[in-house]
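Subject: Structure handover

Hi,

Here is the structure I promised to pass on, with my notes on what turned up in it. I hope they are handy to have open beside the viewer.

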Amino acid sequence: MSGKFNGRVAFITGGSRGIGKGVALRLAEEGAKVAVIDINEEALNEVQTEFTEKGYEIYTKKADVVNAEEVEAVVQEVVSTYGAIDILVNNAGIIRDNMLFKMTDSDWQQVMDVHLKGSFNAARAVQKYMVDQKYGRIINISSTSALGNRGQANYATAKAGLQGFTKTLAIELGKFGITSNSVAPGFIETEMTKATAERVGVDFSEFVKFNVSKIPVARSGKPEDIANAVAFFADEKSSFVNGQVIYVAGGPKA
Ligand SMILES: NC(=O)c1ccc[n+]([C@@H]2O[C@H](COP(=O)([O-])OP(=O)(O)OC[C@H]3O[C@@H](n4cnc5c(N)ncnc54)[C@H](O)[C@@H]3O)[C@@H](O)[C@H]2O)c1
């Protein structure tokens with residue numbers, strides 16, 4: 001197996017399904033060893049089996065990104081297993097959509113915790129290893145919702161926050177050979193968008209059709225589309241690309 005991520009170790013949060021799994025697969029296909037954490041144990045087991053059958057090196061562990069101690073421990077374990085973490089992809093995410101007047105404290109807090117605290121926990125845990133080895137690639141998964149989206153006051157705030165986080169890490173860590181960038185997906189077909197369709201009471205194929213009607217390239221996004229942009233930022237050759245946000249949405253967004 002050879003590829004541009006040969007000898008690299010990638011740590012992907014929420015990587016047992018959807019976009020995170022697509023990212024893990026792409027990096028593994030190009031030679032990376034992948035470590036995936038998630039709270040969904042069943043999906044983790046499936047991904048472990050699938051990747052192993054394909055001949056890819058994979059480490060999986062049930063861990064909650066919101067829990068700093070758990071994240072620290074698992075990062076340490078990955079470093080002792082594989083010797084390093086070169087690429088961090090902060091992908092774990094949830095939605096708790098509601099119009100502002102109906103949004104509960106818990107809807108707000110849970111979304112802030114998973115996206116913001118989760119990304120902070122993982123970035124803080126891996127940075128010391130990246131700084132020591134003078135190399136790292138941090139990629140945070142934002143969203144077109146960062147530009148504002150009805151029913152997503154919590155999620156839009158968190159996803160916009162992740163862009164500020166990305167730019168700050170870019171400034172702080174650049175001198176250690178660590179770049180930090182963000183991918184902001186548009187409409188991607190995953191369990192997350194399926195759950196949104198269910199919540200609004202629309203059949204998923206109708207929901208996809210409706211969303212596609214607003215996308216210039218006239219199709220929906222797939223996890224591979226996001227994985228492609230992540231692979232660009234994760235590439236060693238992208239060392240002069242730092243603190244950027246790329247919207248991967250089938251059309252211009254920002
Ligand atoms: N699907 C889209 O259209 C879309 C668009 C823009 C951004 N995004 C973002 O992309 C990322 C992946 O989304 P997806 O569509 O693949 O969703 P998904 O629900 O299929 O996957 C999210 C994964 O994160 C995991 N997760 C949730 N909370 C966690 C926690 N506390 N600790 C560890 N893992 C946790 C889930 O178990 C799941 O495996 C998210 O950050 C999401 O906000 C998705």
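First, a word on naming: helices (H or I, at least four residues) and strands (E, at least two) are DSSP runs, numbered from the N terminus. Please keep in mind that this is a predicted model, in which local features need pLDDT of at least 70 and side-chain atom pairs count only at pLDDT 80 or more, while totals for chains, interfaces and linings use all residues. Residues are numbered from 1 along each chain as its sequence is written, and side-chain values use heavy atoms, with hydrogens and water left out.

**The second largest pocket**

A pocket here comes from a 1 Å grid over the protein atoms alone: it is an open set of points where a 1.4 Å probe fits, with protein on both sides within 12 Å along at least five of seven lines, and lining residues have an atom within 4 Å of a point. The second largest pocket holds about 160 Å³ of space; for that volume, grid points are joined across faces, edges and corners, and the space is what probe spheres set on the points fill. H1 gives the largest share of its lining, 6 residues, and both H1 and H8 supply at least two residues each. Among the lining residues are Lys21, Arg26, Glu50 and Pro223. By type, the lining divides into 3 nonpolar, 2 polar and 5 charged residues. In that scheme Ala, Val, Leu, Ile, Met, Phe, Trp, Tyr, Cys and Pro count as nonpolar, Asp, Glu, Lys and Arg as charged, and the others, Gly among them, as polar.

**Salt bridges**

Side chains of opposite charge can pair when their charged atoms come close. With a salt bridge taken as a side-chain nitrogen of Lys or Arg within 4 Å of a carboxyl oxygen of Asp or Glu, the count comes to 14. One of them joins Glu30 and Lys4, at 3.7 Å from N to O. That pair links distant parts of the chain, 26 residues apart: Glu30 is in the loop between helix H1 (18-29) and strand S2 (33-38), and Lys4 is in the segment before strand S1 (9-13).

Lys4 also forms a salt bridge with Asp235, where the closest N and O atoms are 3.9 Å apart. Here the partners are 231 residues apart, with Asp235 in the loop between helix H8 (223-234) and strand S7 (245-248).

How exposed are these residues? Buried means under 20% relative accessible area, exposed over 50%, and partly exposed in between (1.4 Å probe, protein chains only). Glu30 is buried at 16%, and Asp235 is buried at 13%, whereas Lys4 is partly exposed at 37%.

Another salt bridge pairs Arg219 with Asp225, at 2.9 Å from N to O. Salt bridges that share partners also join Lys4, Arg26, Glu30 and Asp235 into one network.

**Around the ligand**

Which residues come nearest to the ligand? Of the 30 residues around it, they are Asp38, Asp64, Asn91, Tyr155 and Thr190, where "around" means having a heavy atom within 4 Å. For polar contacts, the cut-off is a pair of N or O atoms within 3.5 Å; within protein, one must be able to donate a hydrogen and the other to accept it, and residues adjacent in sequence count only if both atoms are side-chain atoms. A ligand oxygen is 2.8 Å from an N or O atom in the side chain of Arg17. A ligand nitrogen lies 3.0 Å from a polar backbone atom of Val65, and a ligand oxygen lies 2.7 Å from a polar backbone atom of Asn91.

Best wishes
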